Amino acid sequence: MSRNILLLGAPGAGKGTQSKKLAEEYDLEHVTTGDALRANKDMETEYGTPRSFMEAGELVPDPVVNEIVKVALEEADGYVLDGYPRNLDQAEYLDEITDLDAVIYLDVSEEELVDRLTGRRVCDECGANYHVEFQPPEEAGVCDECGGELIQREDDTEETVRERLQVFYDNTEPVIEHFREQGDLIEIDGEATPDEVFDRITDAIEN
Ligand code: AP5
Ligand code: MG
Ligand code: ZN
């Protein structure tokens, strides 16, 4: 069975949603640059803090992100990587530091991405993900898991979402094309329920 899994997809494609389930299913580490950066938003680096880039929807500079991924992958005994690589330089770096067993691309249309992101709510306490329409909590504004408050991510406003999607089309689509050309890419239609998408991914990994 595959142990080092890379999950690619646009903002809102469901990388976080599916990575969590995959990590549980196969007992893997969930390595996600977005969460790591959000936990260290005000970290001083020679380029400034991650916050300034993230709130504008721009990429955080490669050296900062590369280091986070290197350390996390070294510590992991099997992983699902989500949110990296986002440009060809990061893809090259990843190639130097690890071997991948499966590369999965979640394909979702732009219209659906915008709906998913602007309706997303996250738990302030435990980080659980919801959607006001597609995955509502039992009680509006309250986390089912821990009772924490549900908030909107600072980069989930419509304007920043558009910028993030543009950054994805300019920088990350070439990464997807790169894996496609190598013949390693498993392409999954990500427009179905989370459980259905999960079944598609596990079927593809195991067959
Ligand atoms: P990051 O946190 O990685 O954000 P992202 O890639 O923009 O993707 P998201 O987390 O928004 O979406 P997702 O695919 O995880 O979707 P989710 O499962 O939550 O990065 C944030 C920022 O950090 C970047 O903009 C950048 O600044 C910086 N950064 C991170 N990595 C970097 C790197 N490598 N280099 C440089 N900078 C970096 O689902 C979304 C919503 O849809 C949820 O509400 C969910 O409930 C709902 N949903 C999920 N699946 C379904 C479904 N099947 N049907 C209906 N709704 C669904
Ligand atoms: Mg995510
Ligand atoms: Zn919670």
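## Ground rules

Residues count from 1 along each chain as its sequence is written, while chains are lettered from A and ligands numbered from 1 in the order in which they are written. Since this is a predicted model, local features need pLDDT of at least 70 and side-chain atom pairs count only at pLDDT 80 or more, with totals for chains, interfaces and linings using all residues; side-chain values use heavy atoms, leaving out hydrogens and water.

## The sheet

Let's start with the open sheet: five strands in the order E2-E3-E1-E4-E8, paired in parallel. Strand E2 (29-32) and strand E8 (185-189) sit at the edges with a single partner strand each, so one side of each has no neighbour in the sheet. On average, neighbouring strands are turned by 20° against each other, direction ignored. Strands here are DSSP E runs of at least two residues, helices are H or I runs of at least four, and both are numbered from the N terminus. Two strands pair if DSSP finds at least two bridges between them.

E1 and E3 run parallel and are joined by four bridges. Leu 6 stands opposite Leu 81 in E3. Lying across E1, strand E4 (102-107) and E8 is helix H8 (residues 194-206), at about 155° to E8. That angle is taken between N-to-C directions on a 0 to 180 degrees scale, with axes fitted to C-alpha atoms (for helices, over the stretch in contact).

Which residues of helix H5 (residues 88-97) are buried? They are Gln 90, Ala 91 and Leu 94, where buried means under 20% relative accessible area, exposed over 50% and partly exposed in between (1.4 Å probe, protein chains only). These residues span an arc of only 100° around the axis, which puts them on the same side of H5; the arc is that of the directions from the helix axis to the C-beta atoms.

Among the elements covering that buried side are strand E1 (4-9) and helix H7 (158-182). The face turned away carries the exposed Asp 89, Glu 92, Asp 95 and Glu 96.

## Arg 116

Arg 116 belongs to helix H6 (residues 110-118) and counts as buried because its relative accessibility is 17%. Its side chain makes a polar contact with the side chain of Glu 112 at 2.8 Å and reaches the backbone oxygen of Gly 190 at 2.9 Å. A polar contact is a pair of N or O atoms within 3.5 Å; within protein, one must be able to donate a hydrogen and the other to accept it, and residues adjacent in sequence count only if both atoms are side-chain atoms.

Beyond its neighbours within four places in sequence, Arg 116 has contacts (heavy atoms within 4.5 Å) that include Gly 12, His 131, Phe 134 and Glu 191.
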